[in-house]
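Colleague: I would like to learn how to read the features of a model like this one. Could you take me through a few of them?

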Amino acid sequence: MQYRKLGNTDLEVSLICLGTMTFGEQNSEQEAHQQLDYAIEQGINFIDTAELYAVPSKRENNGLTEAYIGTWLKNRSDREHIIVATKVTGPSANLKYIRPNLGFSKAAIHEAIEKSLQRLQTDYIDLYQLHWPERKANFFGKLDYKHDKEWEDNIAEVLQTLDGLVKAGKIRHYGLSNETPWGTMRYLYLADQLGVARPVSIQNPYSLLNRSFEVGLSEIAIREKCGLLAYSPMAFGLLSGKYHRKEDRKDARLNSYKSFARYSGTRSYEATAAYLKIAEEHGIRLAQMALAYINSRSFITSNIIGATNMNQLKENIESLDLELSDSVLAAIDKVHASNPNPAP
């Protein structure tokens with residue numbers, strides 16, 4: 001297993017992070033524990049979750065992912081060696097069943113952290129992340145920008161709340177998620193101005209079908225030591241090639257969850273077909289090629305993989321053993337240049 005520094009901290013996290021949003025929806029508690037056990041056995045020390053999970057989020061499964069991780073954690077004696085990351089939910093009118101008071105006010109964050117600690121059955125969170133900005137911005141598939149005139153800059157207050165949780169021992173570090181270059185730099189700048197802890201990571205989407213992070217945020221990630229935790233590296237399974245090979249099941253995520261239409265568009269399918277051809281011509285599996293590409297990026301801290309079965313999990317972890325040749329990298333860039341970011 002390869003490890004990289006989490007920001008400017010003394011923590012080293014595995015280059016592969018186990019994503020868990022299927023726990024409680026597509027995976028049972030027993031299956032979740034099996035995945036967690038196998039991941040740890042393979043050297044993975046980084047687990048990512050959120051109070052929002054499982055996905056798709058609904059009242060019936062809300063909090064189950066953290067709860068399943070909690071029943072696993074409580075029986076382990078190596079908690080200090082496991083890096084647990086979770087997230088506080090941003091504002092949303094459709095998610096009031098999580099907590100009526102969503103967002104990043106001091107009261108909301110304090111309520112959220114206590115509930116996550118209870119479900120996870122732990123005394124502290126290693127990395128606490130703001131799931132998405134409170135202001136309206138271009139994230140979750142939006143590349144255009146419509147200015148949010150109503151939002152009042154409260155980032156200093158959020159920083160002071162998070163710093164208070166660090167000092168209280170509730171969290172060790174905090175990170176951002178679904179943030180923009182402006183938002184990331186605003187957090188970094190104000191943290192320095194206030195003399196409080198800086199964000200150590202940013203969790204944004206990044207895959208062969210969405211390299212928008214490279215514009216603006218990649219330089220920030222490197223220069224400010226606020227590295228990317230890449231989510232959706234498999235574009236909800238599209239980059240496995242199973243949909244193109246007609247090996248997908250009716251309950252596969254892209255067949256079941258119509259809210260992720262950006263992965264089902266014509267350009268996404270055409271780009272994936274081109275990447276599949278590259279993989280086949282070089283005798284490698286598309287899934288491993290897609291993940292190996294992300295693993296090779298200098299601005300990546302960790303690559304968040306998710307799996308619904310053990311075979312997928314094993315294949316994804318084995319992407320660490322694949323080093324892409326210059327010819328493969330050149331072919332990938334050629335496809336990207338002709339069909340850039342079809343699934344932002």
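Modeller: The turns below go through salt bridges, a pocket, a helix and some backbone features.

Modeller: This is a predicted model, where local features need pLDDT of at least 70 and side-chain atom pairs count only at pLDDT 80 or more, while totals for chains, interfaces and linings use all residues. Residues are numbered from 1 along each chain as its sequence is written, and side-chain values use heavy atoms, with hydrogens and water left out.

Colleague: Let us start with charges. How many salt bridges does a search of the whole structure find?

Modeller: The general idea is that a salt bridge is a side-chain nitrogen of Lys or Arg within 4 Å of a carboxyl oxygen of Asp or Glu. Here the search of the whole structure finds 19 salt bridges. One of them pairs the side chains of Lys58 and Glu25, at 3.4 Å from N to O. Lys58 lies in the loop between strand 4 (46–48) and helix 2 (64–73) and Glu25 in the loop between strand 3 and helix 1, so the pair ties together parts that are 33 residues apart in sequence. Helices (H or I, at least four residues) and strands (E, at least two) are DSSP runs, numbered from the N terminus.

Colleague: What about a salt bridge inside a helix?

Modeller: An α-helix has 3.6 residues a turn, so residues three or four places apart point the same way. In this model, the side chains of Glu111 and Lys115 meet in a salt bridge of 3.2 Å, N to O. Being 4 residues apart in helix 3 (residues 106–120), Glu111 and Lys115 are separated by about one helical turn. Both are partly exposed, Glu111 at 27% relative accessibility and Lys115 at 31%.

Colleague: Which residue forms a salt bridge with Glu114?

Modeller: That is Lys170, with 2.9 Å from N to O. The pair links distant parts of the chain, since Glu114 is in helix 3 and Lys170 in the loop between helix 4 (155–167) and strand 7, 56 residues apart.

Colleague: Now the pocket. How many residues line the second largest pocket?

Modeller: On a 1 Å grid over the protein atoms alone, a pocket is an open set of points where a 1.4 Å probe fits, with protein on both sides within 12 Å along at least five of seven lines, and lining residues have an atom within 4 Å of a point. The second largest pocket is lined by 20 residues, of which Asn138, Leu143, Glu179, Asn204 and Ser212 lie nearest its centre.

Colleague: Which elements do the buried residues of helix 10 pack against?

Modeller: The buried residues of helix 10 (residues 310–317) are Met310, Leu313, Glu315, Asn316 and Ile317. They pack against strand 3 (16–19), helix 1 (29–41), helix 9 (286–295) and strand 10 (300–305). At the start of helix 10, a side-chain oxygen of Asn309 reaches to within 3.1 Å of the backbone nitrogen of Asn311.

Colleague: Last, the backbone. Which peptide bonds are cis?

Modeller: Two to look at are the bond from Tyr53 to Ala54, with omega near 20°, and the bond from Val55 to Pro56, with omega near 0°. Ala54 is found in the loop between strand 4 and helix 2, and Pro56 is in that loop as well.

Colleague: And what is the phi of Gln121?

Modeller: Gln121 has a positive phi of about 55° although it is not a glycine, and its place is the loop between helix 3 and strand 6 (125–130). Ser232 also has a positive phi of about 55° without being a glycine. Gln121 is partly exposed at 38% relative accessibility, whereas Ser232 counts as buried at 15%.

Key:
Buried < 20%, exposed > 50% of the residue type's maximum accessible area, 1.4 Å probe, protein only. Contact = heavy atoms within 4.5 Å. Polar contact = N/O pair within 3.5 Å; in protein donor to acceptor, adjacent residues only side chain to side chain.
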